[in-house]
Amino acid sequence: RLACATLTFALGTAMHYGAAMGNVWLHAQITATVLQVCALLAAVNGRALAAGLLLGLSVLTRPTTTLAAPFAAWLLWSRREREPEAAGPGPRQWLVLALPIAAAAALHAGYNQARFGSPTDAGYHYILMGPDFEALVKQYGRFSLHFLPANLYGWLLRPPHWNGSALLPDPHGMSLLLTTPYLLFALWPRRVGRLEVLALASFVVISVPSLLYYNDGWVHFGQRFALDGIALALLAASFGALRAPRALVMALTAWGVLVGAWGLQWFKANFMH
């Protein structure tokens, strides 16, 4: 069952087509997701400096993935509960976790200052947008509750298209429940532990900026913005999968892998140059 979680992460999410495509926006997302996963693994093993350095690099890659830092800090703090012989984190560990993140944020701010004259301007004001997007941003800004319903629809409900002869992916991105149904195991009835609750809470926090963003990620298969926290959601789902029937776990894993393969072929045929 845990192997199914790994297969889902690799082949049943946007990691599948994104790694093969290598376009700039997909490459950045996959790099940031890998950095985040490695940082959390380092935190589990009590390696605060490695976790901080990896999360600092994620600041310079895709800052939203760095919102996993509180979860990493909790993993460090709770290590003594998992391993009674392990030493608990002291002020030095908290410092070596936080300092690389702060240093990376300062470096990013200096870079923005040098490029655009403001430490908080990452260049988004210079993105070329069509007239529809320009009107939306002018009226609501780049982040607004106005965009939440449409983004939630995309993440949870948007189906593929039927063009009269074939089923085609919606280029705005389809429902995560269709492309990565393994996530449904996060809802499997069970006694939920703190790790699962905090993993899901971190996934929600990480997802908030994307859900409030004016752009839904066009063009993509599944929901590429969900990669920012997908590993945390799959972690929580894996606990439900451990209690679900094995055949169902394997079936939903196979579904996600096959759908991911469809997405890769669709992306290659239409967007690889």
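This report describes the pockets, the cavities and a nonpolar surface patch of a predicted model.

## Largest pocket

The largest pocket holds about 1,200 Å³ of space. It is lined by 38 residues, and those closest to its centre are R62, P63, A122, Y124 and Y213.

Helix 3 (24-44), helix 7 (91-116) and helix 11 (194-211) each give at least two residues to the lining of the largest pocket. Helix 7 supplies the largest share, with seven residues. Sorted by class, the lining of the largest pocket consists of 23 nonpolar, 10 polar and five charged residues.

## Second largest pocket

In the second largest pocket there is about 450 Å³ of space. Its lining is made of 16 residues, of which V37, L40, A231, L232 and L235 are the closest to the centre.

At least two lining residues of the second largest pocket come from each of helix 1 (2-11), helix 3, helix 5 (69-77) and helix 12 (230-241). Helix 12 gives the most, with five residues. By class, the lining of the second largest pocket divides into 13 nonpolar residues, two polar residues and one charged residue. Helix 3 is named for this pocket and also gives at least two residues to the lining of the largest pocket.

## Largest cavity

The model has two cavities of 30 Å³ or more. The largest cavity contains about 100 Å³ of space. Among the 16 residues that line the largest cavity, G12, T13, A14, T179 and T180 lie closest to its centre.

Two or more residues of the lining of the largest cavity come from each of helix 2 (14-21), helix 10 (176-179) and helix 13 (246-271). The largest share belongs to helix 13, with three residues. The lining of the largest cavity has eight nonpolar and eight polar residues, and no charged residues.

## Second largest cavity

The second largest cavity has about 50 Å³ of space. The residues that line the second largest cavity are A150, N151, G154, W155, R158, H172, S210, D216, Q223 and F225.

Helix 9 (residues 148-156) gives the largest share of this lining, four residues. By class, the lining of the second largest cavity has three nonpolar, five polar and two charged residues. R158 and D216 are among the lining residues.

## Nonpolar surface patch

L152, Y153, L156, L157, L177, L184 and L187 make a nonpolar surface patch of about 660 Å². Helix 9 supplies the largest share of the patch, three residues. Helix 9 also gives the largest share of the lining of the second largest cavity.

One of the patch residues, L152, is placed in helix 9. Is L152 buried, partly exposed or exposed? L152 has a relative accessible area of 34%, so it counts as partly exposed. The cut-off for residues in a patch is over 30% relative accessible area, and L152 has 34%.

Methods. Residues are numbered from 1 along each chain as its sequence is written. This is a predicted model: local features need pLDDT of at least 70, side-chain atom pairs count only at pLDDT 80 or more; totals for chains, interfaces and linings use all residues. Side-chain values use heavy atoms; hydrogens and water are left out. On a 1 Å grid over the protein atoms alone, a cavity is a set of points where a 1.4 Å probe fits but cannot get out, and a pocket is an open set with protein on both sides within 12 Å along at least five of seven lines; lining residues have an atom within 4 Å of a point. Grid points are joined across faces, edges and corners, and a volume is the space filled by probe spheres set on the points. Ala, Val, Leu, Ile, Met, Phe, Trp, Tyr, Cys and Pro count as nonpolar, Asp, Glu, Lys and Arg as charged, and the others, Gly among them, as polar. Patches are made of residues with over 30% relative accessible area and no salt bridge: like charges are joined within 9 Å, nonpolar side chains (Val, Leu, Ile, Met, Phe, Trp, Tyr) within 5 Å. Accessible areas come from the Shrake-Rupley method with a 1.4 Å probe; for residues, only the protein chains shown count as cover. A salt bridge is a side-chain nitrogen of Lys or Arg within 4 Å of a carboxyl oxygen of Asp or Glu. Buried means under 20% relative accessible area, exposed over 50%, partly exposed in between (1.4 Å probe, protein chains only).
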